[in-house]
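Open the model in your viewer and keep the selection tool at hand. This tour visits salt bridges, one stop at a time.

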Amino acid sequence: HGPKVIDPPAVAGSTAVGAPMPVYVLLGLPGSGVLEISRNLVNFSPDGVELSVVVASDSGAGTPGLVACARGRAEALQAAGAGPATSHLVLVAVSTTSAMQLGMLLEAEPLLRVASLSACVSACRVFQCGAMDGMRRWVDGLWEQCANGWASSVLLVDTEKEPTDAEAFRAQLRQNHPAVNALRVARGHMSSETIDEVLGAAAFSKEVLESSRCAQLCAAWRTLPVPVLPKLHGGSREEGTTFDVRLEGELCRQRLTRCLAKLLPDTKLRFLGQAAGEPMWATRRPQRQLRGIRRLWQLAKLKVHQEREMEAGLLELERFLGKWSLGEGIRVDALSGNALFDGNSRLLLDANSGAACAWLPSAQTTSLDHNSEAHPGGVITVVLSGSVGDEAQEALTRLFAQAEHREAAPLAMKSRASLTDSETGKVLELHRNDPLPDGWFFDGTRYVNFSGGRAVRRPDEEEILMAWVAEENSRVELWNQDLY
């Protein structure tokens, strides 16, 4: 028989201690858009519906790590006295695991039961191109996440970008998994029909789904090890290569945007939500000790200083990107993960060849459990296709290191050798009408003296430039002293 389903209580607090808590699962491959769908679920859920969202990835810990995240949040909710009628536990899993494997492990937990399992699919990520024969094949793990009897619904996004691929996927879905309810979902919006399907308390226990599960597994399926799922396609195919890039520091918004534009040139990164906290230039300690106009003046200098450093850093980044390459024939299919952003915020990233979004989730409704203790900077999972080697992984690590925030350094002191031709020309232009040294005059074409000497440039040019360098360095010293 299928898994036992316990109806949710009618009133809050009527659940017995230790009774299974329903969990609503959003499952998607990296780049499937599952993070944006979860954000839409938070934004468009009906009034009075309290969501407790856990965003997790199976990097490092595998599928049991996803279940551990859901179990930990369920224990915290039950300890706080929350019941299924007042709080909805939503597990957002960015993973390559199958719906069967995740569903079986969740149902095996005495504290949890699966209320619904929705697979998120991007129309831009249903096919992959073989490196050898150039033929398109289904993305690995796609049909395992939409498995008949295990996925209660399939949410299809980016259909307007790839309408032909979307229709091909829907046709294959109707043939392979007729019991699955397929819904089109637009980015940035979620209809009430989709919300009812995702938050359906009995969606996973429908008779048609239970009968499909019973046809695949025996009655004692809970005691069996997780089986290896057979591939639903025939013939050989190219396996996508997945790398985990571990970050050390916090990311910079402008630098991250340029790095992703290098990886996915046809995709524009959209930032969803707003960063919390003050701007970086407004968090320096010295300015907090000042008041009035002095504090305002120092804040202005801090802001200008930070903008100058940002501009210089972006120019350096552009030079790096001009020389950087993954390698010939290697393409980025998708990437997802989380990263430290803006000091104390966590940025959720989800991108493919059709769309890319970065979401700063609400601290009140969303928790991020992504092995953050082992990797406090975050982990980005990148899916590559082509002839991928160790060089590609090293190149990705260098690229995301460039996306990290760079601390503003003091302004460098100037010297005569450091002056550019443009700076030299501007300085000399400012002093063009200054008096010449004794014994020199300008005849309209050359500088001449009474001894018959002739020169194209001012005879005191070096003295003027050195005096300007000394004056500028005194300003730099005062500037750095005020800032640091």
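Start by selecting Glu472 and Arg475. They form a salt bridge, with their closest N and O atoms 3.8 Å apart. A salt bridge here is a side-chain nitrogen of Lys or Arg within 4 Å of a carboxyl oxygen of Asp or Glu. Both residues sit in helix 13 (residues 461-483), three residues apart, so about one helical turn separates them. Helices (H or I, at least four residues) and strands (E, at least two) are DSSP runs, numbered from the N terminus.

A word on the source. This is a predicted model, where local features need pLDDT of at least 70, side-chain atom pairs count only at pLDDT 80 or more, and totals for chains, interfaces and linings use all residues. Residues are numbered from 1 along each chain as its sequence is written, and side-chain values use heavy atoms, leaving out hydrogens and water.

Zoom in on Arg270 and Glu36. Their side chains meet in a salt bridge at 2.6 Å, N to O. Arg270 is in strand 10 (residues 269-272) and Glu36 in helix 1 (residues 34-44), so the pair ties together parts 234 residues apart in sequence. Arg270 is partly exposed, at 33%. Buried means under 20% relative accessible area, exposed over 50%, and partly exposed in between (1.4 Å probe, protein chains only).

Last, select Glu167 and Arg184. Their salt bridge spans 3.6 Å, N to O. Glu167 lies in helix 5 (residues 163-176) and Arg184 in strand 8 (residues 181-184), so this pair ties together parts 17 residues apart in sequence.
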